[in-house]
Amino acid sequence: MRRVFTALAALSIAASVLPAAAQAQTSPRDRGGQQQQASGEQAAPSRAPRIAPLRRRANAGPCPYVKILYDAARYVELEGGRAAISNVGYTGEIEGITSDCEYREADPIRVDIGMLFQLGRGPQAASDQRTYRYWIAVTERNSAILSKEYFDVPVNFEGQRTASVTEERTIVIPRAGVDTSGGNFEILVGFDVTPEMAEFNRSGSRFRVNAGATPAVPAPAAPSE
């Protein structure tokens, strides 16, 4: 009889301890949520997991190297061929260039090019409007020119000495086969310049796009008391 009583007492103690243990294993935050649901309030919806966007598939190989040809990176008109600020007409400089490419399997190479042109007009500039011309050439790396295309950039200075123009172009390069890599090609960008302009650039001489601009006149100093 004593054994039966002892077993019943143990069951009674276990029944009183287990709910308390379950309560202790539930965090206050979880208990708060349970209390809100019990009181009839809706629980806040769970936030959807953040998933990083998938990167586009890798190209079949490297992109062609895109650069500005030094001899044609600047455009400077000089009246009479004399290098003096008073003789400067229209000027220009390809200040920056960006590029990206895409090709897979046997697809041709698509190259997207962005260019920033800084343009100016000097004392010999005849009007506010001017159309500049530049070219984009595709070559075999350090070898022959495969193609060359010319583009026009019409500019209206609107009474200002300088203007900035951004150009975006897409060049498509056919590939002989799946083993032809973009690293076999080079893309050059430059102004359509005369031989004299190219020599001027090659010598390292230059005028900035604001050549001939009237310098700011300092304000007169206030009279001392």
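**Ring contacts and a disulfide in the predicted model**

The charged end of Arg74 is placed over the ring of Tyr70, at 5.2 Å from the ring centre. This contact and those described below were computed from a predicted model. A second contact of this kind involves Lys148, the charged end of which sits over the ring of Trp135, 4.5 Å from its centre.

Contacts between rings were examined next. A pair of aromatic rings is described by the distance of the centres and the angle of the planes. The structure holds 7 aromatic pairs, one of which is formed by Tyr75 and Phe191, with a separation of 5.9 Å centre to centre and an angle of 50° between the planes, and is classed as tilted. Tyr75 belongs to strand β2 (residues 74–78) and Phe191 to strand β8 (residues 185–191), so this pair ties together parts of the chain that lie 116 residues apart in sequence. Both Tyr75 and Phe191 are buried. For Tyr90 and Phe157, the ring centres are 6.3 Å apart and the planes meet at 25°, so this pair is stacked, since planes under 30 degrees apart count as such. Tyr90 and Phe157 are both buried. Beyond individual pairs, a cluster is formed in which ring pairs link Tyr75, Phe117, Tyr132, Tyr134, Phe151 and Phe191.

A covalent link was also identified, as a search of the whole structure finds 1 disulfide. This bond joins Cys63 to Cys101, with an S to S distance of 2.0 Å. The torsion about the S-S bond of Cys63 and Cys101 is about -85°, so the disulfide is left-handed. Cys63 lies in the loop between α2 (28–38) and β1 (65–68), while Cys101 lies in strand β3, and the two cysteines, 38 residues apart, connect distant parts of the chain. With a relative accessibility of 34%, Cys63 counts as partly exposed, whereas Cys101, at 2% relative accessibility, counts as buried.

Finally, Glu105 was considered, a residue placed in the loop between β3 and β4 (109–121). Glu105 has a relative accessible area of 55% and is therefore exposed, the cut-off for this class being over 50%. The C-alpha atoms of Glu105 and Val178 are separated by 5.6 Å, although the two residues are 73 residues apart along the chain.

Technical notes
Residues numbered from 1 in each chain as written. Predicted model: local features only at pLDDT ≥ 70, side-chain atom pairs only at ≥ 80, totals over all residues. Heavy atoms only, no water. Phe/Tyr/Trp six-rings, centres within 6.5 Å; stacked < 30°, edge-to-face > 60°. Helix = DSSP H or I, 4+ residues; strand = E, 2+ residues; numbered from the N terminus. Buried < 20%, exposed > 50% of the residue type's maximum accessible area, 1.4 Å probe, protein only. Lys NZ or Arg CZ within 6 Å of the ring centre and 35° of its normal. Disulfide = S-S within 2.5 Å.
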